[in-house]
Amino acid sequence: MTTTAAPAPVPLRLPDIHLRYPHRHHPDRDGAEQHTRQWLAQWNLFTETAQRDNASHVFGHLGAYAYPLADQQLLHLAADWMTWLYAFDDGDIDECEPSPTSVTTQIARLLGALEGGSAQTPLAGALADICARVARLGSASQAARFRDKVRGYLMGCLTEITYRAAGRSPPASRSTCPCGCRRPVT
């Protein structure tokens, strides 16, 4: 019986990204970074290994470049939201083979926190914190829209995990939302 060696992995080559206006960032870029690092630690969103692996990520700087004109509270909120998305996506969704059961459980907890229920995990607590800040800094309709969009994102993650666990790809074209709500997909 002969065995063949697995093909060598092809190195991933990412294009260089050049900021058109690299000087345009919030003046408190470093303060945003310090805040977001403290917020990340407060909610214990990364394991010790993930903290080490993500030490070079500068979420506060990302917020400062994305929102150069925001006031400090909005800057911190934006940077924390980007951090939360990264923590959830990398921690629960982009694992090599995420468990649909564990992801479904995590999403159920997140949906509960999104609707004002108890926060049963660090991610749910951090999401509840973000929602409370959105409600405090924005209007009622903005807060409702934020919760609605987060709910849609979580349902999309659940759909992704379901397809990945089955080893399938979603159909190329859908006329309705995969969550079954009959909302047209554009």
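Tutor: Helices here are DSSP runs of H or I with at least four residues, and they are numbered from the N terminus. The model is predicted: local features need pLDDT of at least 70, side-chain atom pairs count only at pLDDT 80 or more, and totals for chains, interfaces and linings use all residues. Residues are numbered from 1 along each chain as its sequence is written, and side-chain values use heavy atoms, without hydrogens and water.

Student: Where is Asn 44?

Tutor: Asn 44 sits in the loop between α1 (29-43) and α2 (48-53).

Student: Why is α5 called roughly parallel to α6?

Tutor: Take α5 (residues 100-114) and α6 (residues 122-137): their axes cross at roughly 30° and come within 9 Å. Angles run from 0 to 180 degrees between N-to-C directions, and axes are lines fitted to C-alpha atoms, for helices over the stretch in contact. Under 35 degrees counts as roughly parallel, over 145 as roughly antiparallel, 65 to 115 as roughly perpendicular and the rest as oblique. Therefore α5 is roughly parallel to α6. The crossing of α5 and α6 is right-handed.

Student: Which residues of α5 and α6 meet?

Tutor: From α5 come Gln 106, Arg 109, Leu 110, Ala 113 and Leu 114; from α6 come Leu 123, Ala 124, Leu 127, Ala 128 and Cys 131. Contact means heavy atoms within 4.5 Å. This contact of α5 with α6 has 8 nonpolar residues, 1 polar and 1 charged. Ala, Val, Leu, Ile, Met, Phe, Trp, Tyr, Cys and Pro count as nonpolar, Asp, Glu, Lys and Arg as charged, and the others, Gly among them, as polar.

Student: How do you know whether α6 is roughly parallel or roughly antiparallel to α7?

Tutor: The axes of α6 and α7 (residues 140-166) cross at roughly 150° and come within 8 Å. That angle makes α6 roughly antiparallel to α7. Their crossing is right-handed. Among the residues in contact are Leu 127 and Val 134 of α6, with Phe 146 and Val 150 of α7.

Student: Why are α1 and α6 called oblique?

Tutor: They pack at about 130°, with axes 9 Å apart. α1 and α6 are therefore oblique to each other. His 35, Trp 39 and Trp 43 in α1 meet residues of α6 including Pro 122 and Ile 130. The contact of α1 with α6 divides into 5 nonpolar, 2 polar and 2 charged residues.

Student: Which element gives the most to the lining of the largest pocket?

Tutor: α4 does, with 5 residues. α4 (72-93), α6 and α7 are the elements that each give two or more.

Student: By class, what lines the largest pocket?

Tutor: Its lining has 11 nonpolar residues, 2 polar and no charged ones.

Terms used
A crossing is left-handed if the near helix is turned anticlockwise from the far one by less than a right angle, and right-handed if clockwise.
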